[in-house]
Amino acid sequence: MTGVTVVDHPLVQHKLTLMRKKETSTASFRRLLREISTLLCYEVTRNLDLTTTRIQTPMMEMESPILEGKKLVFASILRAGNGLLEGMLDLVPAARVAHVGLYRDHDTLEAVEYYFKAPEDLGSRLVIVVDPMLATANSAIMAIDKLKERGARNIRFLCLLAAPEGIERFRAAHPDVSVFTASIDDGLNEKGYIMPGLGDAGDRMYGTK
């Protein structure tokens with residue numbers, strides 16, 4: 001699919017299989033999510049711009065590569081996005097963080113906003129939006145709408161699982177935003193859940209129902 005990258009690294013696929021298993025405990029699910037998010041972060045940041053700086057090694061001076069521009073922003077769609085956020089901050093601890101609070105109305109499947117907090121200068125930073133699922137895409141579309149309203153222009157979306165229907169709707173709404181995912185699953189059921197999926201990521205992460 002245009003604008004979609006499936007991260008097929010063997011470690012990513014192995015950990016995702018363990019997360020899908022119904023019997024995986026809350027503690028194991030949370031640990032695996034943190035581990036897989038670090039691996040996914042490598043892919044979503046693969047082509048960041050670099051410049052060079054002059055440094056002194058124990059042996060000599062040299063020109064060495066360093067990230068160019070302002071620090072990244074990781075934008076977590078609450079609450080489940082925080083599971084991906086933690087592992088990404090392990091890799092990029094200096095990143096700024098935005099939080100977009102959305103919940104899905106179970107009758108309409110529409111996203112409802114309840115919280116938004118982000119750095120002021122989004123327009124000059126790469127913003128990576130994270131949420132474990134791209135199902136109906138309602139939450140992802142609304143989150144990016146809100147970020148663009150606050151000035152964000154360079155945005156990428158990272159998720160664990162995506163449904164073809166969600167990708168189609170998301171790309172139609174935001175064709176300028178690339179999607180990175182570990183798997184494109186079969187589709188959605190009548191309740192808007194990804195099949196075969198892994199259940200509700202937030203519930204599995206926090207032990208709630």
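Over what distance should the 19 residues of helix α2 (residues 26–44) span, and how far apart are its end C-alpha atoms? At 1.5 Å a residue, counted for one less than the number of residues, helix α2 should span 27 Å, and its end C-alpha atoms lie 26 Å apart, which agrees. Helices here are DSSP runs of H or I with at least four residues, and strands are runs of E with at least two, numbered from the N terminus.

This is a predicted model, in which local features need pLDDT of at least 70 and side-chain atom pairs count only at pLDDT 80 or more, while totals for chains, interfaces and linings use all residues. Residues are numbered from 1 along each chain as its sequence is written, and side-chain values use heavy atoms, with hydrogens and water left out.

Among the buried residues of α2 are Phe29, Leu32 and Val44, where buried means under 20% relative accessible area, exposed over 50% and partly exposed in between, with a 1.4 Å probe and protein chains only.

The whole structure holds 1 aromatic pair. Because the ring centres of phenylalanine 157 and phenylalanine 170 are 5.3 Å apart and their planes stand at 40 degrees, the pair is tilted (rings of Phe, Tyr and Trp, the last by its six-membered ring, pair with centres within 6.5 Å; planes under 30 degrees apart are stacked, over 60 edge-to-face, the rest tilted). The pair links strand β9 (residues 154–162) with helix α5 (residues 164–173).

| Residue | Relative accessible area |
|---|---|
| Phenylalanine 157 | 0%, buried |
| Phenylalanine 170 | 0%, buried |
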